[in-house]
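Please review the surroundings of the two ligands in the structure shown below.

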Amino acid sequence: MKVLHVAAEVFPLVKVGGLADVVAALPVALAEQGADVRLLLPGLPAVMDGVQHARTIIDIGACFGALRVRLLLARMPGSRLPVYVIDAPYLYRRQGGPYQDRNGDEWPDNLQRFALLGWVAAHLAADDADPQWSADVVHAHDWHAAMACAYVADHTPSEAATIFTIHNLAFQGLFPLHDWPLLGLASRLMSPAGLEFHGQLSFMKAGLKFADRVTTVSPRYAQEIATHEFGFGLEGVIRGRDGDVRGILNGIDAALWNPATDPAIAVRYDAERLDGKLACRRALQAELGLDADDDALLLTVVSRLTVQKGLDLVLTALPDLLRDGVQCVVQGTGEPALEAAFRMAQQAHPGRVHVHIGYDEARAHRLIAGADVIAVPSRFEPCGLTQMYGLRYGTLPIVRRVGGLADTVVDVADGAGGADGADDLTNGFVFDAATAAAFEHCVRRALALRRDPLAWQQLMRRAMAKPLSWAGPARDYLDLYAHALGVVRQPPVNGQ
Ligand code: ADP
Ligand code: GLC
């Protein structure tokens, strides 16, 4: 089965969030299970510089406002996965982020930049881009790649199946309706039954409407987005797809996130050698100038600093928690008000709070290895990866009961409690209300449990034993691809 993954981010070349981690790891896991997998990426500067052995497959020429567009085939560094790259200097070669310029403003030509991505994907599925390879399945990630589903649907002879994965429904790719002619799509697709969404064009809706199958990155998020609270106005469209929407929980890259082999951390450890974790904790306190306090509950946050992540709850609860024995280490970037508030917290509590406003992969590993608990108090969370990294490192998650957080963390109080503890899946702390009081109460439960070192270690070992690799999810995706292909390629009934 030939599968094309289409996305705007991939670790380690371009990363804004967890999407990049998924796009790096899932295709490799699929390839390990026998699929013939390739990636398609826009030729952002870091992609052009980072891929290896690039050669031109086809000179596309002028399109979507760019004069010179070429399709390259290269290899990903590390995994060596084949990767198609769209080299369109006019659209992609610029300093700034993949979606925004340096001031945080959306690139004004995002419609063309991401329509081109979907359009090339459709050609790679229609047998006319690369004479050596064409996709049976096009798997598009988030709104950036969603137009692939519309372009494939608009090309009736196409036999490819399309899968659209929602990583975050909050970002939808909305554009003025009058830009419609730039897309070059049949007019039937412009209606409210197609891409039109409250007087705008919605790329997200292109994926939701035209993909053969829609997935979310956790089962619970699949249910949540069918409701008004989490649907961002698209809940009706999602309900309309009914049985076609399904959640497949993300995995993590178990080689990259492994405390037994992690080159970034002070001392390597595993469930049998937990003293290494204590060494990481002390090394972190020393590195960050925190009090060398073995009794503190060392709480970390590694996150985008946005409303989604609920970090205002942490800020509000912090003074009381610090008084009662919590130390707090934060690393993140995002909204200026949250960045400033965390900086102020550090100034107000030297030795107890450390804040790093910035992005640093190796440092994230040290924080997660050194902390006792990792807080993810999100308002909504399609999957969330850091709580899973925490589990793998024996750093117990404190999470809100939403989305993938609820699907991965089982509260200590919810143990099945079989006589031998065999069915006990508890591995962290979960709270419900999106309030500082609920968060604070939850952290206090962790503080109390940590006073019982044996119970704490048992919980750590259970957390570390949870299977989180991509092997299971990759099998689920392969099943889904086979089903979707079966439907797309079904022989017509009664010769129709
Ligand atoms: P989201 O994609 O919504 O941001 P996830 O938990 O799925 O949330 O993924 C976030 C990813 O980004 C994780 O790999 C996390 O370690 C990483 N990350 C977030 N902020 C930082 C930071 N400041 N420094 C290093 N890594 C970060
Ligand atoms: C999104 C979501 C996050 C998820 C990630 C990877 O960025 O916000 O919850 O883990 O995608 O699927």
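The briefing below treats each ligand in turn.

This is a predicted model, in which local features need pLDDT of at least 70 and side-chain atom pairs count only at pLDDT 80 or more, while totals for chains, interfaces and linings use all residues. Residues are numbered from 1 along each chain as its sequence is written, chains are lettered from A and ligands numbered from 1 in the order in which they are written, and side-chain values use heavy atoms, with hydrogens and water left out.

**Ligand 1**
- The shell holds 20 residues (a heavy atom within 4 Å of the ligand), and among the nearest are Lys 15, Asp 21 and Arg 304.
- In polar contacts (pairs of N or O atoms within 3.5 Å), the side chain of Arg 304 lies 2.7 Å from a ligand oxygen atom, and that of Gln 331 lies 2.8 Å from a ligand nitrogen atom.
- The protein buries 93% of the 560 Å² that ligand 1 exposes when taken alone (Shrake-Rupley method, 1.4 Å probe).
- Strand E13 (297-305; a DSSP run of at least two residues) gives the most to this shell, with 3 residues.

**Ligand 2**
- Ligand 2 is surrounded by 14 residues, with His 167 and Asn 250 among the closest.
- A polar side-chain atom of His 167 lies 2.7 Å from a ligand oxygen atom; for Asn 250 the distance is 2.9 Å.
- The protein covers 93% of the 310 Å² of accessible area that ligand 2 has on its own.
- Ligand 2 lies between domain 1 (2-251 + 471-485) and domain 2 (275-465), because both give residues to its shell; the domain bounds come from an automatic or database assignment.

Terms used: Polar contact = N/O pair within 3.5 Å; in protein donor to acceptor, adjacent residues only side chain to side chain. Helix = DSSP H or I, 4+ residues; strand = E, 2+ residues; numbered from the N terminus.
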